[in-house]
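I opened the model and kept notes as I went. The entries follow in the order in which I looked things up.

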Amino acid sequence: MGRYIVQRFLWMFIVLFVISMITFAMMHAVPGGPFTQEKALPPEIIANLEKRYHLNEPYWKQYLLYIDNVMVPHISKDAAPEMVDEALVEISLPGGNYLRWINFGPSYSSRSRTVNDIFREQLPVSIQLGVISMVVAITIGLPLGVISALKQNTIWDFLGMSVAIFGVSMPVVAMGPILIWIFGVALKWLPPTGWGAKPPFTLFFIPNTLGSWDFWKHTLMPAFAVGTGYSAIIARLTRASLLQVIHEDYIRTARAKGLSERIVTTRHALRNALIPVVTILGPMFAGVLTGLFVVEQVFGIPGMGKYFITSITNRDYPVIMGAILMYAFFLVISNVFVDITYAWLDPRIRYD
Amino acid sequence: MYSKKWTIVLGALLAVSMLLSACATPTPEEIIIEVTKIVEGETVVEQVVVTATPEPAAAEMRDNVLHVSFGPGDVPTLDPSLGTDTSSIQVVEELTIGLVRLHEETLAVDPGMAVSWDLSDDGQTYTFHLLEGIPWVRWNGNSVEEVLDADGNVRYVTAHDFEYGTKRTVDPDTGSSYAYVLGMALAGVEEYLYAENWNDLTDEEKAALRDGVGIKALDDYTLEMTFLTKAAYNLNIAGMWVARAEPQWLIEEKGDRWSEPGFSQSYGPYALKEWVHDSVMTIVVNPFWPGIESVPQPIIEEIQFSMLDQSAAFAEYEAGNLEVAAVPSADIDRVKADPMLSEELIIAPDGCAYYYGFNTEKAPVDNVHMRRALSYAVDRTDLVENVTKGGQQPAQWFCRPGMAGCPYIDPHPGFGITSNADEAKAELALHVAAVGYTDDSEISEVQLMHNTSEGHKKIAEAIAEMWHETLGIQPTVTNQEWKVYLKTIRSEDVPTVWRLGWCLDYPDANNFTREVFSKGGSGNPEVGGLNWLNEDFEQIVLDAAVESDPVKRVEMYAEAENILVYEDAAVLPIYWYTMVNVTKPYVNRTYSNHGHDYYEKWSLELEK
């Protein structure tokens, strides 16, 4: 298992490397640059700006510069933690030197900030919302799917699936404003917008206000709006998969040898039925993280989602690269977790 | 039976999980809610007392805090040299004061950091006498404090800071997008800003170019600025955010990060307190700002800017958490019908214009009659009333009335181009005759292009329909993603008709008529755009810039606009923007005509 995980991580580096190359090529192939704007700038000004960000260099050189900044540790005399040219990892060495590693570069549209800043301040908010939304999705979706399957073709089944279909067909962009209007404006129970935690975060993403109502009251509506949509997918998949498993021979065998219905369902049926569900949970989590654009906009949450869109419309190259690589990273990581969960759910699956 | 058990177990599970999420509620809810509002640590103690002894009917008071909203997305910068957008500039206007300050209602040039100024005989050199004893301040985590130098003395804002700030803006290494505005006005800037082979120059050569810039501190409180020409708008430019005092010591230490919270130093009526990126920014009153006539001491303690989408902001307004909000276009009808909200609604002019440009080299709009026909055929009133619905003002020319030098609507109701179906048909007939078509159907195709956006699409479709109805011309409407679009309309492939907008940098006709449409301007670049050059127009806007008689200036710009929208009809003006805002009745505010609010003049009625 350990070897397998190491292997997967090595593969991850290759995958990220290839993705970075493709992204780099594609974003430079799109017409228009970061400094193309409605109030046309004089060419000399654009030249100054491009020089500042090395955009006047040939593409191969720009790419190598980027990879160098991100991947290669640099030893430097000054700490420069407060300068824009900063690194995610900075270790102080003897002799007044600093080892600095991982610099995702500046943001063109916000001069005093960097892509590292966005990772430190916006990404954690998205992770918080993403995790809570996933918890909501699973707590609603899983029981709903199980009930529907066990009570197939009864009123419970129809009810459960109606809820699921409602969840699927009610996009956040519609559900968000409705929730805001009911609970935020009319009843005034919850704050209509905003987020109850701000940087710095403990352990990269845990909000310091986790224990306070202030954090949760900002979280309820957006997490519910995102969660219900995904819960519907989980419910439908759980139901379909459980229905299939229930009719397998080994379930009949289990019943035949006199196991209680509860044991049959939990230990034999549900455990096997969860494999396809777990499979989609991985990419779903990565998808939730990056798909938060709409919900973050609707609820005014300072997360990362918006940067996937605005970085591209602004041609903010380092932010595009950073956002895409981050997404790829989460996708790969969550797939590794999925694989590990497989082995736990189904002892026949082994990676050695 | 078994399955019944299951439902119970699952139901219980569900209930427990719901309870758990709800249980995160600590019992004394109110304490925490209040604490987040007040922020400081010590207030917690106060809250406990409040809950223990319920105080009897003292009048409920509001916090002396104003909550307003910027659009979605982070404020790009608080660096005066780098600001290009409304939100950045709005905050910069409250953190720093220019040499002069434009009155937000009359647009008159009031003294700012300069108490007075002298003008040289040739009208090109201003000598500003600065306000003395204004300290640099910063937020230290608890309060606003004066900035001290290494010896412990208070740092005061001096002419040297203004010289440094301005020169930093036009330093090629700074890469300021707005430096070109100074380049067009201030002496010696273009030589420095656009210096050839900048990287190969020696330090001495760079210093020499830097010294050539027409701004010089004669002593601590006397500043001299030399302009290229004697122009009416020179003072406006001296007051712009790109020419502010900047803290050299701080910028040299912190680099681009200097304007971040924790570091930021300023001297205006407010100081930066907190900036949670992408979320909320708070500025707090600067007690060291003495207050002058044009910039009094602020009454409102704190201003909180939320970065919210329009509909989110409007929901917050309706929930009572924002004092001012823009009304999303989808809600305008509802707000107008609502008895309470309609009282709070104000539709005020905004310094922006929306227009279509013609590629004057491309058939069929290479003929002026065709262009006029298309322009006459657009029913602008119908468009703003039924399509855009934001109370926009139909535009008959480009320059926004209300800006210095721009023509006014009242004395000239028929001036420029109006909407007139008969005239449109007559011009079309002239066009057909002039080109020698035998039939209308021979007119080559009109392509109308806009950048991808729901709003622009609605307008384009409405205008296409008007052209079709009045002239029988059915244009093809296409769109492109924003930056691709900008590239297209500034290239050889510019379509027959394209759309753009313009918002003011400083409220003067020069910023509109000349900077946009004289050759090389934003809407009339060397390649693409209008593909238009009219020597008379160029001469008039050049002369108008230096004309000192305001009445004469208006006449000159009127003449230029007439060429632009009627005689040559190179541009099809559509409407002037408005701001559709709601303000809570307990806010006493001013309305700004130049796009930035001066919050130091606002106040709140604190008693509920």
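**Helix H21 of chain B**

I began with what lies around H21(B): the buried residues of this helix pack against helix H19 (509-517), helix H20 (535-546) and strand S19 (571-583) of chain B. I note here that the model is predicted.

I then listed the residues concerned. Buried in H21(B) are B:Arg553, B:Val554, B:Met556, B:Tyr557, B:Ala558, B:Ala560, B:Glu561, B:Leu564, B:Val565 and B:Tyr566. B:Arg553 and B:Glu561 are among them. I kept in mind that an α-helix has 3.6 residues a turn, so residues three or four places apart point the same way.

I checked the length next. H21(B) covers residues 550-567, which is 18 residues. From first C-alpha to last, H21(B) reaches 24 Å, close to the 26 Å expected at 1.5 Å a residue. Just after H21(B), I found B:Ala569 with a positive phi of about 45 degrees.

**A sheet in chain B**

What is the strand order of the open sheet of four strands in chain B? I read it as S4-S5-S9-S8, with antiparallel pairing. Strand S4 (114-119) and strand S8 (215-219) of chain B each have a single partner strand and stand at the edges, so one side of each is left without a neighbour in the sheet. On average, neighbouring strands of this sheet are turned by 25 degrees against each other, direction ignored.

I looked at one pair in detail. Strand S5 (residues 125-130) and strand S9 (residues 222-226) of chain B are joined in the antiparallel sense by five bridges. For B:Thr127, the bridge partner in S9(B) is B:Glu224. Helix H5 (residues 159-169) of chain B packs on the sheet and touches S5, S8 and S9 of chain B. The direction of this helix makes about 165 degrees with that of S8(B).

**Chain A overall**

I counted 13 helices and three strands in chain A. The C-alpha trace of chain A spans about 80 × 60 × 40 Å along its principal axes. Chain A has 352 residues, of which 40% count as buried. I also looked at contacts in chain A between residues at least 6 apart in sequence; 69% of these join residues at least 24 apart.

**Where the chains touch**

Definitions and conventions. Residues numbered from 1 in each chain as written. Chains lettered and ligands numbered in written order. Predicted model: local features only at pLDDT ≥ 70, side-chain atom pairs only at ≥ 80, totals over all residues. Pairing = 2+ DSSP bridges. Helix = DSSP H or I, 4+ residues; strand = E, 2+ residues; numbered from the N terminus. Axes fitted to C-alpha atoms, helices over the stretch in contact; angles between N-to-C directions. Contact = placed C-beta atoms within 7 Å. Buried ≥ 20, exposed ≤ 12 C-beta atoms within 10 Å, placed from the backbone. Expected span 1.5 Å × (residues − 1).
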